[in-house]
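Keep the structure open as you read.

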Amino acid sequence: MTSVQVDRHSDGGTAAGTAPEEGYERGLNSRQVQMIAIGGAIGVGLFLGAGANIAKAGPSLILMYAVAGVIVFFIMRALGELLLYRPVSGSFAEYSREFLGPFFGFVTGWTYWLMWVVTGMAELTAAAIYVNYWFPQVPQWVTALVFLVVLYVANLISVKLFGEIEFWFSMVKVTALVGMIVIGLGVVTFGFSQAGDTAAASNLWAYDGIFPKGVGSSLMTLQGVMFAYLAVELIGVTAGESENPEKTLPKAINALPWRIIVFYVGALSVILMVVRWTEFQAGVSPFVAAFSKIGIPFAAAIVNFVVLTAALSSCNSGMYSTGRMLRDLAANSEAPRALGRLSSSKTPAVGITLSAVLMGVGVLLNYVVPEKAFGYVTSVATAAGIWTWLMILVSHIRYRRAVVAGRLPASSFPAPGGTVCSWIAVAFLLMVTVFIAIDPDSRVSLYVGAGWAVCLAIGWALLKRRGDAAPAVAAEQLEPVGGPGH
């Protein structure tokens with residue numbers, strides 16, 4: 001075991017809202033945590049992926065984002081309740097370990113790590129392609145390597161620098177979306193620009209209705225919609241390094257609904273009022289299409305820059321989260337001890353280095369990765385993300401059960417609706433998994449998932465044989481600490 005310890009009380013729990021000291025620097029301030037939460041909800045899935053989904057679902061895609069947004073809020077409130085019960089950087093893996101057993105903590109930690117490493121490979125390649133738009137003479141692998149090294153060094157220096165980089169990446173994305181919404185509303189309301197004659201709210205239903213290709217086709221876009229929301233849970237990884245998690249985390253989570261309304265529902269509604277849905281197609285950013293229709297100069301270049309920041313933001317977040325997750329696994333003897341070491345700047349340098357090296361495989365493969373590989377990566381990342389979200393929800397349900405029985409203290413940030421909303425979210429995620437299985441292009445993620453599960457099962461068996469597996473800490477085994485909660 002490493003020196004990473006979680007301060008537990010003698011009664012078997014951890015005081016609700018008490019942030020255990022894990023050796024990290026609490027260098028993320030409220031401003032940075034807020035922007036990390038916002039940035040996690042705005043990514044390449046929206047800026048690029050929405051075009052293909054609009055072509056599949058028409059205006060009903062707005063409804064799909066709204067429904068999925070409600071589910072994501074349920075997930076985040078469940079995570080928020082757990083975070084204020086015990087805010088630790090290993091969050092989902094730690095809660096899976098505590099409430100479901102060590103095997104589930106092991107699987108969740110490594111699966112979340114895999115999700116970000118694979119995503120990092122794709123985002124580095126994507127970022128190089130975006131730069132190639134301006135500098136076609138520069139080899140893509142060179143650009144990808146430069147980005148990899150810069151983000152790697154930044155993550156090694158300090159968590160404050162990571163937070164600052166993520167803050168400005170998020171500012172670019174937020175500014176672009178707000179600008180698009182304001183300009184689009186101006187076009188619809190006052191009729192200026194080249195799009196003024198055809199822009200109208202009626203575009204949302206005038207072309208074969210809200211569900212032009214049927215409800216079934218709209219539902220099949222949910223897997224892409226959920227991919228766009230991946231990384232909202234990243235705020236849980238920041239818990240161990242936030243200056244004041246008891247205040248900053250609830251504030252960031254409670255702001256999620258308006259972010260979804262503005263940045264997803266609002267932006268897509270405006271775009272589909274400015275440009276009718278029949279003009280969108282896969283492979284073309286809906287923002288480029290809308291900017292071009294309005295007649296904004298250099299529309300493609302502007303969106304290219306925004307998408308570049310989204311890709312680099314994702315890679316930056318991947319390096320941050322993978323290092324922390326590997327350290328949590330090492331702390332529970334589920335990964336090599338060396339991965340649990342902190343550098344003099346209090347960053348998990350060894351874990352970050354391992355993740356960066358593996359992301360670097362994406363640099364080596366830049367010249368052979370076919371375009372379809374990016375679709376496979378998104379489906380694999382979505383499947384891994386769904387597993388993580390399911391573990392959060394089931395852990396929350398088990399935690400609430402322990403609170404009601406008096407075995408654990410109540411959190412200071414209870415989820416509205418108790419476990420009912422968590423059960424609804426579980427059912428929704430299982431439904432999306434069925435859609436992934438039905439879709440031939442996405443089904444590959446389930447094959448990859450099956451192979452990954454076999455690898456994890458072998459790894460776990462080896463750990464148990466060596467006697468390294470952490471002991472179970474099931475909620476039912478904890479001693480009562482007071483009367484029933486809520």
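Of the contacts in the protein chain with a separation of 6 or more, 82% join residues 24 or more positions apart; a contact here means heavy atoms within 4.5 Å. The chain comes to 20 helices and zero strands. Buried residues make up 57% of the 486, where buried means under 20% relative accessible area, exposed over 50%, and partly exposed in between (1.4 Å probe, protein chains only). The chain exposes about 18200 Å², and carbon and sulfur atoms supply 69% of that; the areas come from the Shrake-Rupley method with a 1.4 Å probe, and for residues only the protein chains shown count as cover.

How far can you trust it? This is a predicted model, in which local features need pLDDT of at least 70 and side-chain atom pairs count only at pLDDT 80 or more, while totals for chains, interfaces and linings use all residues. Residues are numbered from 1 along each chain as its sequence is written, and side-chain values use heavy atoms, leaving out hydrogens and water. The chain averages a pLDDT of 82, with 87% of the residues scoring at least 70; pLDDT is the predictor's confidence in each residue, from 0 to 100. Over residues 1-19 the score stays under 50, and the model has 54 contacts beyond four places in sequence for them. Residues 471-486 are also below 50, with 46 contacts beyond near neighbours in sequence. Where pLDDT is low, the predicted coordinates should not be read in detail.

Now find Thr388, which sits in helix 18 (residues 372-404). Thr388 is buried, at a relative accessible area of 1%. Setting aside neighbours within four places in sequence, Thr388 touches Phe92 and Tyr112.

Next, look at helix 20 (residues 444-466). Its 23 residues should span 33 Å at 1.5 Å a residue, and its end C-alpha atoms are 33 Å apart, so the two agree. That expected span is 1.5 Å times one less than the number of residues. The buried residues of helix 20 are Ser445, Leu456, Trp460 and Leu463.

Notes. Helix = DSSP H or I, 4+ residues; strand = E, 2+ residues; numbered from the N terminus.
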